[in-house]
Amino acid sequence: LGQFVASSPTLFPAEYVTEFQKCLDDADPVPFSAIKRVIEEDLGKGSLSSVYSFVDETPLATASIAQVHAAKLISGEDVVIKVQKPGVEELLKADLA
């Protein structure tokens with residue numbers, strides 16, 4: 001919910017948006033071992049190496065619900081992977097219930 005408020009400045013009072021944007025900027029990254037598990041579960045192919053020749057373990061950005069990693073496909077194309085942090089889905093369901 002906070003990310004929605006932070007990214008919707010025309011819908012909410014400016015002081016709310018400003019405060020929630022601070023939360024987004026201060027999010028701690030999830031360890032790459034947990035992120036790797038999420039990616040591999042989503043791929044359904046077993047390992048990162050089946051799709052990517054490289055994935056940077058240090059995130060380019062991290063927010064409250066996801067983080068982004070630079071990667072290179074086996075084909076050689078540079079991409080970024082946006083990964084939902086583990087446990088976020090359950091938190092969102094609880095917050096919105």
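Q: What makes a residue count as one in contact with Tyr 52, leaving aside its neighbours within four places in sequence?
A: The model here is a predicted one. Contact calls for heavy atoms within 4.5 Å. Beyond its neighbours within four places in sequence, Tyr 52 is in contact with Ile 39, Leu 43, Ala 71, Lys 72, Leu 73, Ile 74, Val 79 and Ile 81.

Q: Which residue in strand 3 stands opposite Tyr 52?
A: Leu 73 of strand 3 faces Tyr 52 across the pairing. Leu 73 is also among the contacts of Tyr 52.

Q: Why are strand 1 and strand 3 said to pair?
A: Two strands pair if there are at least two bridges between them. Strand 1 and strand 3 have three bridges, so they pair, and they do so in the antiparallel sense.

Q: Why do strand 2 and strand 3 count as a pair too?
A: Two bridges join strand 2 (residues 61-62) to strand 3. The cut-off is at least two, so these antiparallel strands qualify. Ala 61 stands opposite Val 68 in strand 3, and a hairpin of three residues links strand 2 to strand 3.

Q: What makes strand 3 and strand 4 a pair?
A: Seven bridges hold between strand 3 and strand 4, in the antiparallel sense, and at least two are needed, so the two strands pair. One place to look is His 69, which stands opposite Ile 81 in strand 4. Four residues lie between the strands in their hairpin, where Gly 76 takes a positive phi near 100°.

Q: How do you know that the span of helix 3 agrees with its number of residues?
A: Helix 3 (residues 32-43) has twelve residues, and at 1.5 Å a residue it should span 16 Å. Its end C-alpha atoms are 16 Å apart, so the two values agree. After helix 3 comes Gly 44, with a positive phi near 70°.

Q: Which residues of helix 3 are called buried?
A: Buried means under 20% relative accessible area. In helix 3 this holds for Phe 32, Ala 34, Ile 35, Val 38, Ile 39 and Glu 40. Their cover includes strand 1 (52-55), strand 3 (66-73) and strand 4 (78-84).

Q: What makes up the largest nonpolar core?
A: This core has 14 residues, and those with the most contacts inside it are Ile 35, Ile 39, Leu 48, Tyr 52, Val 55, Ile 81 and Val 83. Helix 3, strand 1, strand 3 and strand 4 each give two or more residues to this core. Helix 3 supplies the largest share, five residues.

Q: Why is the meeting of the side chains of Lys 72 and Asp 78 called a salt bridge?
A: The side chains come to 2.9 Å, N to O. The limit is 4 Å, so the pair counts as a salt bridge. A search of the whole structure finds one salt bridge.

Q: Why is Lys 72 called partly exposed, and why is Asp 78 called exposed?
A: Lys 72 has a relative accessible area of 29%, which lies between 20% and 50%, so it is partly exposed. Asp 78 has 57%, which is over 50%, so it is exposed.

Q: What order do the elements of the protein run in from the N terminus on?
A: The order is α-α-α-β-β-β-β-α, with four helices and four strands. Of the 97 residues in the protein, 28% are buried.

Definitions and conventions: Residues are numbered from 1 along each chain as its sequence is written. This is a predicted model: local features need pLDDT of at least 70, side-chain atom pairs count only at pLDDT 80 or more; totals for chains, interfaces and linings use all residues. Side-chain values use heavy atoms; hydrogens and water are left out. The expected span of a helix is 1.5 Å times one less than its number of residues. Buried means under 20% relative accessible area, exposed over 50%, partly exposed in between (1.4 Å probe, protein chains only). A nonpolar core is a set of buried Ala, Val, Leu, Ile, Met, Phe, Trp, Tyr and Cys residues joined through side-chain atoms within 4.5 Å.
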